[in-house]
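Hi there,

Here is the structure I promised to pass on. Please have a look when you get a moment, and my notes follow below.

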Amino acid sequence: MTSRALPLLSNHDARALFLERHGLGEIPKGPAKGDDLNAVIDKLGFVQVDSINTVARAHHMILAARRPAYREKNLKPLLEKQRSLFEHWTHDASIIPTEFFPHWQLKFRRDRERLISRWRNWRRDGFEEKFEAVRKQISDHGPVTSGDVGGDEERKSGGWWDWHPSKTALEFLWRSGELSVSGRNGFQKVYDLTERVIPEPHRLHLPDPEETIDWACRSALARLGFGTSGEIAAFWDLITPEEAKQWCSRALASGDIQEVEVACADGRTLRKVFVFPETLAEIPDLPAAPARVRILSPFDPMLRDRKRAERLFGFHYRIEVFVPEPKRQYGYYVFPVLEGDRLVGRIDMKAFRDEDRLHVRAFWPEQGVRPSKGRLQKLASELDRIARFSGCSTVTYEQDWLREPVA
C-alpha cells in the first residue's frame, strides 16, 4: 500500500508541471530559429525524427506546436552549418543538442557490442567485411548516402531487413559513433566521418561512465519534472534501468531528490515518483496552460510514454499505422488535440499539397468534452495554422467529420 507520509502532488499540479517541462505550459511565441530554436530543443532534450509525412514530419510538428512561427527551413542550418544539433538515437532516431554528444560515447560503446552480435543473428551476411571499404570511400571521396556504397550489391525493395551489406555497415558505423549524419537529401541520411561533423570540443571530451550516468539521470528528471527510475532511464535511453535505480537510491539518501506521490487522472490512483526539491518549490508559481487548442504529433514528447499520458491525462492513445485498416478504431495517423491542460480529442487529417488543401476526415472529442461553438472555433483556427504550416491555403472537411466520442 502507498505510504501517506509522502507529500502529494495533485493531478492538476502534476499536469501543470509536466506541460511546463515539455514546452506546452507557456504561450507559444518566439522567432523559432537560431538561438531560440536551439533553446526549445534544449528544453525538450531532443525531438524525435519520423518519416511519415501525412501533414508534416514529426520533428517539424513537435517544434511548430511550441513555436507557431517555426518553418521547416529553420532547422537545417542548425544541423548542417552551425552543428549545434546532431542526429542520433535516444529511444528512437532523434535530433539532439551537440553539447550532449560526449555522453553518447557510452551509448556508442555499448551499441557496438550489442549490435554486432544482434545483427549477425539477423543474418546480415557480410556487413562487417564492408567496414574498411566504407570508411575508405568516405575518407577519400567525402559524404555518402546508402545509395552511394555497395554498388555491386543486390538491392531489395523491402525495409531495414533488406539492407544490402554496405548499407548495414554504414548504419553500424553511425550507431557506434565512427560516422555521423552530416545532413539529409530529402529524408535520406548523408553520412560523413564524425571528425568532420561534430565540433572538436564536444567530440574529444570523453566522460567516464559514472559522469554520464549522473548527467543522464539529472537531466532527464529535470526535463520530466517528476518520474520513476524506469522513466528516468528511458528518457535518453543511454543507461540501464538498474543504473538509474541505483542513482535514485543514492540521490534520495543524500537529499538531492525526494519521493512524492502523484495523483493520476482517475482521482484515485497514486503513484510514487522522484522529484527535485527545487522543482516542488516552483509549482505554486506555474502559470495556467494557454487555453488555445494545439494539434500534436503522435510522437510529441508529452505522449511518447503512452501509459504515462494515460495515467496523467486520462488519454488512451495508440498509433494505428501498423493496424490493418478494417481493424483501426480511428485511422492510419491520427493526431492528439491539446486544449489547455487537457487532451480533448484526436483528429484524422492529411495535407494534399498538390490540391492546396488540408483535409479533415474526422475529429473525435474525448468522453465528456463538449464540441461547443467556442471550442470548434479554436480548433478551426489551429487547423488554419496547420494548413499554412504544411504548405496549403485551405482546409476542407468530410461531411461527417465531427464524430461522437468512442466509448
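Below is what I found, starting with a few ground rules.

The model is predicted, so local features need pLDDT of at least 70 and side-chain atom pairs count only at pLDDT 80 or more, while totals for chains, interfaces and linings use all residues. Residues are numbered from 1 along each chain as its sequence is written, and side-chain values use heavy atoms, with hydrogens and water left out.

Even so, four of the five residues of E3 (residues 85-89) are buried (under 20% relative accessible area, 1.4 Å probe, protein chains only), so the strand is largely enclosed by the rest of the structure.

E3 and strand E4 (residues 93-97) are joined by five antiparallel bridges and form a hairpin with three residues between them. Leucine 85 has proline 97 of E4 as its bridge partner, and histidine 88 has serine 94.

Next, a loop residue. Lysine 33 lies in the loop between helix H1 (11-21) and helix H2 (34-44); helices are DSSP runs of H or I, at least four residues. Lysine 33 is exposed, at 52% relative accessible area, where exposed means over 50%.

Best wishes

Technical notes:
Helices (H or I, at least four residues) and strands (E, at least two) are DSSP runs, numbered from the N terminus. Two strands pair if DSSP finds at least two bridges between them.
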